[in-house]
Amino acid sequence: MKKAGKIIVIIGVLVLLFLGLSSLVITQENEYTVIRQFGKINHVQTQAGVSFKIPFLQTQSTLPKHILVYDLAPSDVITKDKKTMITDSYVLWEITDPVKFVQTLNSSIGNAESRIDTIVYNSIKNIIGSLLQEEVISGRDGELAEAIINNIGDKFTQYGIQVISIETKQLDLPNDNKEAVYERMISERSNIAATYTAEGSAEAQIIKNTTDKEVSILLSEAQKQAEILKAEGEAEYMRILSEAYRDESRSDFYSFVRSLDALKESIKGDNKTVILSEDSPIARIFYGGN
């Protein structure tokens, strides 16, 4: 009996240990733990750590809590001007409401990716279909992805997921008409550049003509002022000379200076010889004015 009692105790301990381990729920940082009872969601453990469930009555499963990547297959889309383009994108998404995710998508990542594929592709098709091919090509640096996100809106909320971003790996032309389209775009850009250059040259010529006119006016005014100042200077000079000659005490000196100036002006070149008659004003200076 004692041996049987020990066996029963050991079995009881093992059963309790098993039940204790079966009731433990360990949730990692990058996951949600969904606890179900009789197939229905009882609660969702969203924080990392250890929690408990009722053994046998409750079951557990996990869902990813980190950002997921879904790669869309390359597809053809038609622009507003009926041109074909090839789009190849991938989507960054995450589960934000585990309860809705379980209820609407049966906890299936594959089901979620199927919804993402359909909704994102339709959004890409609608946005590109509303743009000309040239607008699509010139607007692929972030603007197109933002427009697609805005077009999607809250369509994923009902599934408990959120699309974080849509990144374009390739948005290009089919090989059969790529070269022709690029040549046309280059030609159009060249025409626009030529127009801007012509307009700039015309504007520059207008500015140059206006500036030349203003400079001519300023030079004319300056020349006019110079002539006025010169005339005023000569008049003042003549007035001073006239006053000097009226003063007998200074008239001889000024006559002497004027005579020397005249003599200086008459000596030009290498010949420095001057022949004067005795009755010339300059000669009279050297003869003492007689």
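**Reading the salt bridges**

Me: Which side chains meet in a salt bridge at 2.9 Å, N to O?

Reply: Asp71 and Lys169 do, with 2.9 Å from N to O. In general, side chains of opposite charge can pair when their charged atoms come close. The term salt bridge is used for a side-chain nitrogen of Lys or Arg within 4 Å of a carboxyl oxygen of Asp or Glu. Do keep in mind that this is a predicted model, where local features need pLDDT of at least 70, side-chain atom pairs count only at pLDDT 80 or more, and totals for chains, interfaces and linings use all residues. Residues are numbered from 1 along each chain as its sequence is written, and side-chain values use heavy atoms, with hydrogens and water left out.

Me: How many salt bridges does the structure hold?

Reply: There are 3 salt bridges. Asp71 sits in strand β6 (residues 68-71) and Lys169 in strand β9 (residues 161-172), so their pair ties together parts 98 residues apart in sequence. Helices (H or I, at least four residues) and strands (E, at least two) are DSSP runs, numbered from the N terminus.

Me: Which residue forms a salt bridge with Asp88?

Reply: Lys169 again, with the closest N and O atoms 3.8 Å apart.

Me: Is Asp88 buried or exposed?

Reply: Asp88 is buried, at 11% relative accessible area, while Lys169 is partly exposed at 45%. Buried means under 20%, exposed over 50%, and partly exposed in between (1.4 Å probe, protein chains only).
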